[in-house]
Amino acid sequence: MNPVYYLYLAALLFTIGAAGVLIRRNAIVVFMCIELMLNACNLAFVVFSRMHGNLDGQIIAFFTMVVAAAEVVVGLAIIVSIFRTRHTASVDDASLMKL
Amino acid sequence: MENLIALLVAAPLVGAALLLCGGKRLDRTGAWIGSLFAVASFAVAAVLFADMLGKSAEDRAVHQHLFSWIPVGGFQADVGFQLDQLSMTFVLLITGVGSLIHIYSIGYMEHDERRRRFFGYLNLFLAAMLLLVLADNYLLLYVGWEGVGLASYLLIGFWQHKPSAATAAKKAFLVNRVGDVGLSIAIMLMFTTFGTFAFGPVLAATGDTSEGKLTAIGLMLLLAACGKSAQVPLQSWLGDAMEGPTPVSALIHAATMVTAGVYLITRSGAIFNAAPDAQTAVVAVGAVTLLFGAIVGCAKDDIKKALAGSTMSQIGYMILAAGLGPIGYAFAIMHLVTHGFFKAGLFLGAGSVMHGMNDEVDMRHYGGLRKYMPVTFVTFGLGYLAIIGFPGLSGFFSKDKIIEAAFAKGGTEGWILGGAALLGAAITAFYMTRVMLMTFFGEKRWAETPGAAAPGQQVQHPHESPKVMTIPMIVLAVGSVFAGALFSVNEAFVTWLEPVTSFAHGHSPLSATAITASTIVVLLIGVGLAWQMYGRKPVPAVAPRGSLLTRAARRDLLQDDFNHIVLVRGGEHLTRTLVYLDHSVVDGAVNGTAASMGGLSGRLRQLQSGFVRSYAVQMLGGAAVLVAATLLMRGV
Amino acid sequence: MTGLAASATSSGEAVQFWILGVVAVCGALGTIMMKRAVHSALSLAGTMIVLAVFYLANGAYFLGVVQIVVYTGAIMMLFLFVVMLVGVTAADSLKETLKGQRWLAAGLGIGFGILLIAGIGNAALKEFNGLGEANAGGNVQNLAALIFTKYVFAFEITGALLITAVVGAMVLTHRERTERARTQRERSEARIREGKHVPPLPAPGVYARHNAVDIPGLLPDGTPSELTVNPTLRQRGQIRDVSGESLAELKALEQRSEDWLGRGSEDESKPSSSGGQAPKEHKEGAKK
């Protein structure tokens, strides 16, 4: 087996995550889907690292994790504060930015 | 010595600044301060003149470069002065006559509360005019040109509480603007043609430039000159400008303002010499205006307006002479100088009469004033004899030369121009004699006591003016008597100006003696006719209806009616059409565009649903397009 | 390209990939299809663990461990916390409300996926280097060497980012108390003043088989008293009603004892008709 299959898997996971972002209304689930997409990217990076024979891809994946952690913290905080004021976690209910 | 040139302009400018910014504490002394600065400028001019006389004719032109005004790439505008014989002549005239008028005004404006401001304006006027004649390039000349326009506006409308004065000032300013546009276009043309504004390079380069361009520049310069010098068709402001105080009229007519046009044409002589068509236009304008002004002058009962008509006519002579080329430039300037003397004298005399007659200007309410104002009578009379060209007085020499030069133009043109000039001389003699007779001779058409007043008569206490007014008049009268003779000894004036304007002797088809003789004959005819009409018969206190021509002339030969019908009405129609076009076509297009954009935006707005997920779909679509584009670019 | 270049992995890894790959895809699908957020989170955690295994298989030992510790350990737990906070049982309706959204999403997702896969398939990726040389001195040591030399600025900046995120989260979730909290004394005084429920609220039901806060105590007539349950649970509708069951058992017990004693049951059928009283009780509790 060639490691390129890992890349196909990463592409598949990314696409599933993207579809989830579009389909789900619960903000938390949307967030999970974003995490799924990030993880798919990380997998691709790790596989690239292996294919190129150096560790830079792993470093990028590492940084992605750090950034994802920070993002999750802030994102969930936003969800919690929205939930507190609006009593809902649906992204469709936060649709005030229109005429 | 050349460092003094800037001082010429600076002195009156400082005076103006001091008087206009000085506030009330200068109210009492303002008149004297203003006159002092004018006289100081004259003193500097005299020093420079003496210095210039000491040099040989070729070295007399001096330059003073002050600073670079707008140094931008190929566009170089400098502030610099050029003092040559032509400028010197003007400087002496402006500062000399200007100073006399300042001194006269001390007496004339004695009771006016705003005289400090008046003297500030007068100083400003002098400064602008000096800047105009001293500039060494057209752009700086334009600055002076506009300064003169501003100062004349302020002075004509000095008694702004009178609606007529305010309107006259506005009219003068607007008509002048038309001429100013001509000058600005001429300057722009010069820059595109020659790449510079400086007199030296521009006038030297006329030989290598196409005649068409030079004709265009010349015609624009002529338009400018028409505006400033009140020549047909831009003459209408001059008569109304009489609303200003009389010293202002004297200043505008004798020393500043109206002479600017003659200066411009003479200064640009090289351009006109190379553009015969433009020259023809100049002489045509001059000839028409000299008759026009003379006819208007015949019909006016207002002493100042009669004199204004006379000014228009005399400037017409100068423009005519300037249009004749090298055979005429020197005579144009010579007539300008002598005219400066006698016209200033006449206006100051008229002012003196008004001063003594309670500001009455209608000559039909004058009469028999010679006994009451002897000094005014004598000085005014000498000015009168000078302007009609009485042999031996200054007007005789200068006007005779212009008539001679007009004949010397040659061919039919020469006969027409010479004939017009001669006819103008006759009419001049007629209307000036009329003014003289109506004012100083004949029956009194006023009463000294209310009891003696016949119906329609006014009660007056005519008196001679104070010394501060009469002395300038005497000086000017002396000038108007002797200046012409002095200039003509050995052709002194012509020789003096020749390095600047060049000179050629004209060859008239008639001999000089014949022309002089005919001038004297037409002069006598004009005087005799006037004596017949106004000297032998009593002058009615109310103007008779008069012939059609008289009535038209009283209305300035319908110039305002013409302007109103052709320009104002035409302008109104044009404006209405434009407004209509603006509303329907321009606004329609703009509104249509806006409406269609609005509709489009309304459609586009549907994309802004506010739902994050819709936006996410759009984002993913965009990402897909990007990936597809990348793949395609790589040649999948 | 050195001699390390290879074109295939071991067949063991291939087997592992095909099995775990299916699991990962199932987990991903589960994440986006499960009705309840908790189930989604658990599916996602499964996928992440599978990914951790893949990292290990690809020679990223450090990342594999970090993936488990940070992602499945920390981040997913944070998700679960928030899910619990927001409402664990509130199931999402999967019915689409935006017109055409689902079709657009499916179309775009499939199109995008095809594009990605086409791109990967077109790239010349037949050979790979492997990490044998790069991991020679130990994966963690080599990563550390890179992080603290080549990527030290990025590393420092991520530190700043994390600090900012912490402060941001705190600011976002922190609520300033606008009025002083009432003390216990004030609360009891207010309760006395109102004159309602002067004694403490009744305890939840405690039975032989149930000892939980979500089971209401029964009133003497056998109906459940909702007052005895925490208001949060009451609002979520998470009350387990055991009254019917208990009554039935009680009845059965009595029946049996009657049978045992040989007596007929004639007057014990009253409680069965008292179900209508529950809503009234409920309302009273809500008012409270």
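1. Two strands are said to pair if DSSP finds at least two bridges between them. Helices (H or I, at least four residues) and strands (E, at least two) are DSSP runs, numbered from the N terminus.

2. This is a predicted model, in which local features need pLDDT of at least 70 and side-chain atom pairs count only at pLDDT 80 or more, while totals for chains, interfaces and linings use all residues. Residues are numbered from 1 along each chain as its sequence is written, chains are lettered from A and ligands numbered from 1 in the order in which they are written, and side-chain values use heavy atoms, with hydrogens and water left out.

3. Chain B contains 24 helices and 4 strands. Of its 636 residues, 54% are buried (under 20% relative accessible area, with exposed meaning over 50% and partly exposed in between; 1.4 Å probe, protein chains only).

4. In chain B, strand β1 (residues 62-72) and strand β2 (residues 75-83) pair in the antiparallel sense over 9 bridges. Within this pairing, B:Phe67 stands opposite B:Val79 in β2(B). The two strands, β1(B) and β2(B), form a hairpin with 2 residues between them. In the turn, B:Gly73 has a positive phi of about 50 degrees.

5. Helix α14 of chain B (residues 303-323) has 21 residues and spans 30 Å from its first C-alpha to its last, close to the 30 Å expected at 1.5 Å a residue (the expected span is 1.5 Å times one less than the number of residues). Of these 21 residues, 20 are buried. Just after α14(B), B:Gly325 takes a positive phi of about 90 degrees.

6. Which residues does B:Val258 contact, leaving aside its neighbours within four places in sequence? Among them are B:Trp237, B:Leu238, B:Thr311 and B:Ile315, where contact means heavy atoms within 4.5 Å. B:Val258 lies in helix α11 (residues 258-267) of chain B, and its relative accessibility is 1%, so this residue counts as buried. B:Val258 and B:Cys226 are 32 residues apart in sequence, and their C-alpha atoms are 9.0 Å apart in space.

7. B:Thr433 belongs to helix α18 (residues 411-440) of chain B. Is B:Thr433 buried or exposed? B:Thr433 is buried, because its relative accessible area is 5%. Not counting residues up to four places away in sequence, B:Thr433 touches B:Tyr384, B:Val527 and B:Ala530.
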